[in-house]
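Please read the points beside the structure shown here.

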Amino acid sequence: MQGDPSLTDDDLQGEIDLVGALVLAAADADGPMSQSSIDQVLGVEGGDDPAAADPVDPPSPEEDVATATPGDAAP
């Protein structure tokens with residue numbers, strides 16, 4: 001069965017491929033990936049920002065104010 005070529009979206013397929021590459025790279029990583037390693041997987045060049053080489057850490061519960069409720073604040 002052949003697919004309808006008018007239903008293809010090359011840009012979307014490219015984004016799906018990039019997300020897949022990131023998932024595979026993250027699965028192989030020993031810890032958080034640095035911004036430079038993410039840029040390498042995506043095929044982009046990082047900026048001159050030295051902080052870009054630092055691992056991307058998820059916010060701690062104390063920093064995650066978007067999900068905090070008034071009763072969650074530490075005294």
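1. The model under review is a predicted one.

2. The relative accessible area of aspartate 9 is 42%. This residue is therefore classed as partly exposed, since that class lies between the buried limit of under 20% and the exposed limit of over 50%.

3. Asp9 also belongs to a negative surface patch, together with Asp10, Asp11 and Glu15.

4. As to the chain as a whole, its secondary structure consists of 2 helices and 0 strands. The chain has 75 residues, of which 7% are buried. Its accessible surface amounts to about 6,400 Å², and carbon and sulfur atoms account for 57% of that area.

5. Serine 34 is located in the loop between H1 and helix H2, the latter covering 35–42. Is serine 34 buried or exposed? Serine 34 counts as buried because its relative accessibility is 16%, and the cut-off for that class is under 20%.

6. The side chain of serine 34 makes a polar contact of 3.1 Å with the side chain of serine 36.

How values were computed
Residues are numbered from 1 along each chain as its sequence is written. This is a predicted model: local features need pLDDT of at least 70, side-chain atom pairs count only at pLDDT 80 or more; totals for chains, interfaces and linings use all residues. Side-chain values use heavy atoms; hydrogens and water are left out. Patches are made of residues with over 30% relative accessible area and no salt bridge: like charges are joined within 9 Å, nonpolar side chains (Val, Leu, Ile, Met, Phe, Trp, Tyr) within 5 Å. Accessible areas come from the Shrake-Rupley method with a 1.4 Å probe; for residues, only the protein chains shown count as cover. A salt bridge is a side-chain nitrogen of Lys or Arg within 4 Å of a carboxyl oxygen of Asp or Glu. Lys and Arg count as positive and Asp and Glu as negative; His and the chain ends are not counted. The place of a charge is taken as NZ of Lys, CZ of Arg, CG of Asp or CD of Glu. Buried means under 20% relative accessible area, exposed over 50%, partly exposed in between (1.4 Å probe, protein chains only). Helices (H or I, at least four residues) and strands (E, at least two) are DSSP runs, numbered from the N terminus. A polar contact is a pair of N or O atoms within 3.5 Å; within protein, one must be able to donate a hydrogen and the other to accept it, and residues adjacent in sequence count only if both atoms are side-chain atoms.
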